[in-house]
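Thanks for coming. I will take a few minutes to walk through one structure, so please have it on the screen.

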Amino acid sequence: MALKNTFLFKILKYGSVVCGSPRSGRAATAAILGRSPFRYYYNNAGKPSSRGAGGTSHARVVDLRSDTVTKPGPAMRQAMAEAEVGDDVMGEDPTVNDLQQIAADLFGMEAAIFVPSGTMSNLIAVMVHCRERGDEMIVGDLSHLHIYEQGGSAQLAGVHSTTVTTLPDGTFDLKQLEAKIRHGYPDPHYPRSRLICVENTHNIQGGRVLPLPFLQEVRALADQYGVSLHMDGARLMNAAVAQEVPPSAILQHTHTVSVCLSKGLGSPVGTVLAGPRDFISKALRCRKALGGGMRQAGILAAAGKFSLENMIGRLVEDHRNAKTFALGEHRPPNVPNGCRSCPSSYLCSISLPALLDCKPPLFVVDVSAVETNILRFALQDSTMTPQEFCTRMSEVGEDEEAALGQGVQVLMYPHFGNSVRAVWHLGISAEDTRLAIQKMRFVASRYFTEIIK
């Protein structure tokens, strides 16, 4: 039995959409998606299970917790199985060497090094740029490096952090950034400013892409004061695809970059750290000290090569699916299968029901923030928490199969503030996205039915 609800959404000025809300513009969005003393980052909410709450054992699982849950496909596995290998600690693994050269060329950098994880890669960058214990780096207060990496820069490298306020689009106020740069070294009272770190795309702010003019201005500021600029580019390829530029066009404004291969690019493990040749030479020593030197690592590097050579172009599918879930699928009148002439337009003509089309209103999202594969949205009904919503989405509710035709478990994370985070990746198809929309509508309908009762 299909749901027969009437859906309504308002498109408010400044690019914010609030579903049925009397509040307007960015102020309404910020009030709900804004900062909060509570931090619901990664936890156990929404873990997949073999049986749903309704006893269904064959529910369709749509895992939107992160793009780190991707798995290598048959072609990537074949490349790994056939990889030529050697001892990489001795610099003799040909597949690792190929990957590093491919990455350096793609990024427009002199050299690159293959590292087990993005956390290690960022830490190595900090250790090389900040050459003495007690040096200082400047990071965004909502950056992955500052929040999710356990303070490794302080624990292991002895590097002090000072923060600037992360703006909703992932950027900083440049005047505030400049004010954070220390002067007067070697004054014994203060640490020495060595490094500025930016994040692209920005995780907590919902996959936001850093504007190129912003990066240009930050680089100019770094050069003016003699500090380095490192980019945590875990999802750099998403930024490049969204801006329709090669990665090198972004990275021309940075000294170094860390790019993850195991998110949307689909490798099972690995990150590439790139920069000047002298920097990479020092990074090699740090990698060894941190236990990141691997032996026949070509088996893993083969997956990374496959990712860089075959998986970048498909990221646009993830961006499209995320927008479809948030804004609806664009279908102009008299064009049943959609409009191919304007695939990036989601707000003209007819939008099929999605996240924002619920009545009564339940969700809020800033349209301008839906740029890549990460979607951050909030519940504006205080009687349902993000945790409860994620739990309901992950369970197969009563009568769900009758309503949807099958049981569907949609896995998401409660996130920063009062928000929920969903991430699209190569394991999520357009059909999975439609099923997630149906499940969301089912959960919302059931929730309001319970309130009425």
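Predicted model: local features only at pLDDT ≥ 70, side-chain atom pairs only at ≥ 80, totals over all residues.

F325 and F377 form an aromatic pair of the tilted kind, with 6.3 Å from centre to centre and 45° between the planes. F325 is in helix α13 and F377 in strand β12, so the pair ties together parts that are 52 residues apart in sequence. The two also belong to one aromatic cluster, along with F363, F389 and W424.

A search of the whole structure gives 7 aromatic pairs. Another of them is F172 with F214: the centres are 5.9 Å apart and the planes are at 80°, so this pair is edge-to-face. F172 sits in the loop between β6 and α7, while F214 is in helix α8, 42 residues apart. F172 and F214 are both buried.

Next, helix α11, residues 277–289. Its 13 residues reach 19 Å from first C-alpha to last, close to the 18 Å expected. Which residues of α11 are buried? They are F279, I280, A283, C286 and R287. These cover an arc of only 115° around the axis, which puts them on the same side of α11. They pack against β4, α4, β9 and β10. The face turned away from that buried side carries the exposed residues R277, R285 and A289. After α11 comes G291, with a positive phi near 85°.

Last, strand β13, residues 408–411. V408 and V410 on one side, and Q409 and L411 on the other, are all buried. β13 runs parallel to β3, joined by 4 bridges, and V410 in β13 stands opposite V62.

Terms used. Residues numbered from 1 in each chain as written. Heavy atoms only, no water. Helix = DSSP H or I, 4+ residues; strand = E, 2+ residues; numbered from the N terminus. Expected span 1.5 Å × (residues − 1). Buried < 20%, exposed > 50% of the residue type's maximum accessible area, 1.4 Å probe, protein only. Arc of directions from axis to C-beta. Contact = heavy atoms within 4.5 Å. Pairing = 2+ DSSP bridges. Phe/Tyr/Trp six-rings, centres within 6.5 Å; stacked < 30°, edge-to-face > 60°.
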